[in-house]
Amino acid sequence: MLNKYYEGFEGEPELVLINEEDKNKMIIWNGYFEAILDALLETDLEREGIIDDYFRHEGWYDDSPWKIKDIPLTIKQLNRFDLDKVNQSENIKIVLPSLVEDIIEFLASSSGNVLIEYD
């Protein structure tokens, strides 16, 4: 279980990626995750997949846990992350590049379904 992206934020909203096959988890402070998705909304990506669900506040906001429907698309979108599009403090911005890499690695290494659990 990877939880370094939630340390220091205990008690605040968290988002958990769960590999359904091996039950491996990645726990992320929701503020980091939303900063990544906000930045992706500022790019020229099509509003589909996880970006569309975030924009509409659907998916994991409505049903938790929620299955990521298209992992390759999500990886492709995350690969387009641009730190220059992030409108957050430097303390948050400094963490995001490694977090994006770790999320991509987590998704790429899963051979089954990945769920998002929102709390």
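Which residues line the largest cavity? Let's take a friendly tour and find out.

## About the model

This is a predicted model, in which local features need pLDDT of at least 70, side-chain atom pairs count only at pLDDT 80 or more, and totals for chains, interfaces and linings use all residues. Residues are numbered from 1 along each chain as its sequence is written, and side-chain values use heavy atoms, leaving out hydrogens and water.

## The cavity

The structure holds one cavity of 30 Å³ or more, and the volume of the largest cavity is about 60 Å³. On a 1 Å grid over the protein atoms alone, a cavity is a set of points where a 1.4 Å probe fits but cannot get out; lining residues have an atom within 4 Å of a point. Grid points are joined across faces, edges and corners, and a volume is the space filled by probe spheres set on the points.

Leu17, Phe33, Leu37, Ile50, Ile68, Thr74, Leu78, Ile103 and Leu107 line the largest cavity. Helix H1 (30–41), helix H3 (71–78) and helix H5 (96–109) each give two or more residues to this lining. Helices (H or I, at least four residues) and strands (E, at least two) are DSSP runs, numbered from the N terminus.

## The sheet

Five strands form an open sheet in the order E1-E3-E2-E5-E4, with mixed pairing; two strands pair if DSSP finds at least two bridges between them. Strand E1 (2–5) and strand E4 (66–67) stand at the edges with a single partner strand each, so one side of each has no neighbour in the sheet. E4 runs antiparallel to strand E5 (residues 114–118), joined by two bridges, and Trp66 stands opposite Ile116 in E5.

Key:
1 Å grid on protein atoms, 1.4 Å probe; cavity = no way out; pocket = protein on both sides within 12 Å on 5 of 7 lines; lining within 4 Å.
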